[in-house]
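Here are my notes for you, as someone opening this structure for the first time. Have it on screen while you read, and take the points in order.

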Amino acid sequence: MNRFDRREVLKAGGLLAAATLTSCSDTKPASAGPSEAASTGPSEAASTKPSEVASTGPGEAATAAPDWTGLARRLDGRLYRPGQTGYAGAHQLFNPRWDSVQPAGVVRAGSVDDVREAILFARTNKLACVPKGGGHSYVGASTVRNGLMVDVGALKSLAYVSTAIQIGAGARLYDVHAYLDKFGRSLPTGTCPTVGIAGLALGGGLGIHTRTYGLTSDRVISLQVVTADGVVRTASATQNADLYWALRGGGGGNLGIVTSFRLATIPGGKLGFFRLSWPEAKAAAVLRGWQRFAREAPATTWGNLHVSADDNGTVSVHVIGISTTGSATSAAAELESFVGAKGSARTITVKTHMEAVRYLGGGTTSPRSGWLAGSDVLRGPMDAGAIDGLLGVVKAAARAKLVATAILDPLGGQAANQPAGGSAWPWRSALGVIQWYAELPGQPSTAQLRAAQGFVSDGHRAVARFSAGGYVNYLEAGRAVSSYYGSSLPRLRTVKQKYDPTGFFRTAYTLG
Ligand SMILES: Cc1cc2nc3c(=O)[nH]c(=O)nc-3n(C[C@H](O)[C@H](O)[C@H](O)COP(=O)(O)OP(=O)(O)OC[C@H]3O[C@@H](n4cnc5c(N)ncnc54)[C@H](O)[C@@H]3O)c2cc1C
């Protein structure tokens with residue numbers, strides 16, 4: 001993928017913020033957690049696989065050095081320890097910036113039992129414990145210094161049954177789409193081919209189908225999750241309904257380690273695409289027109305706006321949009337009429353499901369990359385002052401030769417409706433999400449990081465009057481966790497208290 005294509009991919013998706021990971025080790029005595037007696041069916045029965053730690057009880061004081069050899073012996077998958085062959089690759093995330101964060105061990109789970117073993121081992125040995133799916137966390141939340149990373153990447157089975165798909169939590173988006181294509185089906189997801197279904201679906205999942213079919217999390221019918229007490233539970237509208245609510249939008253790493261999802265699929269037919277560009281002088285009109293488009297265009301239509309600073313000092317403005325009707329001609333014309341000017345460059349095409357997936361994803365895979373980003377959820381259309389402010393931030397980045405973009409994704413349509421059973425995703429009435437994205441090298445200098453952070457914080461300031469909070473899949477360092485949850489926060493805390501009363505799953509980015 002060339003540099004331009006790569007940037008298109010990243011801009012359609014998200015970024016990382018600089019962060020110092022804090023330990024989530026369990027320092028309090030563990031309680032029994034949610035009652036094991038609550039287990040009502042086979043799927044909730046704790047595994048009967050022998051576990052050295054199950055007899056001692058999770059969370060009791062660690063009196064000896066962790067028995068890593070014993071853990072490795074009990075696993076169906078693999079344990080990687082620092083210095084061992086494979087560790088370097090096993091502990092990496094998508095952004096090379098987190099390579100220096102070294103877990104004490106990485107469990108590459110080969111089964112649901114392995115996930116349970118890993119949780120109980122971490123509890124017994126007072127190790128911080130974080131799940132890893134696709135490894136694309138913006139803040140490196142899926143790795144932990146000196147703790148235990150539980151990588152579900154090998155649990156990636158896919159099975160299509162009567163318009164639903166059962167997905168192992170380790171599956172990546174491209175593989176999910178390629179599999180579903182065989183059945184003429186698709187899913188609303190994000191665009192990056194290597195993003196994990198786990199992190200994406202647990203935090204929401206925005207993409208081209210958001211307005212027609214809702215978020216990825218809205219399609220989740222049930223999940224299998226191992227909670228902090230080592231119990232394997234099903235969460236659905238009829239089983240552990242509070243957990244089901246919380247796991248749909250509450251964000252990864254908070255409530256347990258999900259091992260599989262069952263989701264309702266959508267038709268995988270042809271999509272109409274448009275790409276419209278305007279000169280910088282039209283940027284304010286495009287922002288106004290896009291806001292109207294986000295509010296008034298039919299739910300079959302979606303378009304994300306990119307206002308980009310390039311390293312040659314210029315600003316560019318374009319919208320990539322789709323129509324699920326199969327033709328984007330009228331969608332493009334409607335946007336142009338709201339802007340009050342035709343695009344200076346315009347492309348209208350029709351793509352099959354997989355052509356669309358590859359186009360938006362820049363291919364079938366993504367190379368590791370560095371960047372820093374943040375977000376604002378727009379509670380409503382920005383006024384002229386905020387639009388000028390946003391443009392000023394991008395222009396300042398262009399002058400500083402920073403490659404940075406304000407990416408605006410529309411909500412509305414089906415995303416404005418709660419799915420059956422409700423969900424923790426809190427931004428149903430919002431207009432859209434702005435992502436402040438700055439491109440960085442894998443190992444940025446302090447000056448480069450500061451420039452990127454400046455872009456993100458200036459962006460926040462520019463639109464503060466219209467911001468309801470942030471999108472939990474675009475986590476940022478140094479931001480209050482509460483700002484990702486809106487009115488869902490109190491109920492999420494109640495669910496956290498019930499299923500993880502000792503705060504076993506705890507980082508700077510988890511619910512307190
Ligand atoms: C290039 C790129 C493009 C993107 N595009 C989009 C997009 O188009 N739309 C969109 O909505 N988002 C997008 N994102 C953001 C993405 O949704 C989040 O970064 C998401 O959290 C990544 O999930 P992951 O499994 O790959 O990451 P991970 O880093 O593995 O996990 C993210 C979080 O979830 C936790 N977690 C992982 N696995 C599990 C599990 N099995 N059980 C419980 N918790 C778990 C981790 O501990 C971590 O806290 C993009 C990100 C990148 C880097």
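Is Val472 buried or exposed? Val472 is buried, with a relative accessible area of 8%; buried means under 20% relative accessible area, exposed over 50% and partly exposed in between, with a 1.4 Å probe and protein chains only.

1. Ground rules. This is a predicted model, in which local features need pLDDT of at least 70 and side-chain atom pairs count only at pLDDT 80 or more, while totals for chains, interfaces and linings use all residues. Residues are numbered from 1 along each chain as its sequence is written, and side-chain values use heavy atoms, with hydrogens and water left out.

2. More on Val472. You'll find Val472 in the loop between strand S19 (467–469) and helix H15 (489–499). Helices (H or I, at least four residues) and strands (E, at least two) are DSSP runs, numbered from the N terminus. Now look across to Leu202: it is 270 residues from Val472 in sequence, yet their C-alpha atoms are 9.3 Å apart in space.

3. Who surrounds the ligand? There are 36 residues around the ligand, and Pro131, Gly133, Gly135, Ser142 and Tyr471 come nearest. A residue makes this list if one of its heavy atoms lies within 4 Å of the molecule. By type, the shell divides into 18 nonpolar, 17 polar and 1 charged. Here Ala, Val, Leu, Ile, Met, Phe, Trp, Tyr, Cys and Pro count as nonpolar, Asp, Glu, Lys and Arg as charged, and the others, Gly among them, as polar.

4. Start with Ser142, where a polar side-chain atom lies 2.5 Å from an oxygen atom of the ligand. Taken alone, the ligand exposes 960 Å², and the protein buries 97% of that (areas from the Shrake-Rupley method with a 1.4 Å probe).

5. Where the shell comes from. Helix H1 (3–12), strand S3 (129–132), helix H7 (197–203) and strand S10 (257–264) are the elements that give two or more residues to the shell around the ligand. H7 supplies the largest share, 4 residues. At the level of domains, at least three residues of the shell come from each of domain 1 (3–17 + 269–360 + 367–486) and domain 2 (158–267), with bounds from an automatic or database domain assignment.

6. S10 and its neighbours. Of the 8 residues in S10, 6 are buried, so the strand is mostly covered. S10 pairs in the antiparallel sense with strand S6 (residues 164–168) over 5 bridges; strands count as paired if DSSP finds at least two bridges between them.

7. S14, another mostly covered strand. In strand S14 (residues 315–323), 8 of the 9 residues are buried. Strand S12 (residues 271–278) pairs with S14 in the antiparallel sense over 7 bridges, and Ser277 has His318 as its bridge partner. Strand S13 (residues 301–309) is antiparallel to S14 as well, with 9 bridges, and Thr301 stands opposite Ser323. Check the hairpin of S13 and S14 too: it has 5 residues between the strands, and Gly313 takes a positive phi near 90°.

8. Two buried residues with polar partners. Gln435 sits in strand S18 (residues 432–440) and is buried, at a relative accessible area of 1%. Its side chain makes a polar contact with the side chain of Tyr138 at 2.8 Å. A polar contact is a pair of N or O atoms within 3.5 Å; within protein, one must be able to donate a hydrogen and the other to accept it, and residues adjacent in sequence count only if both atoms are side-chain atoms. Asn95, in the loop between helix H4 (87–90) and strand S2 (105–108), is buried with a relative accessible area of 1%. The side chain of Asn95 reaches the backbone oxygen of Trp371 at 3.5 Å.

9. A last stop at Arg123. Arg123 lies in helix H5 (residues 112–124) and is buried, with a relative accessible area of 3%. Asp229 is 106 residues away along the chain, and 8.8 Å separates the two C-alpha atoms.
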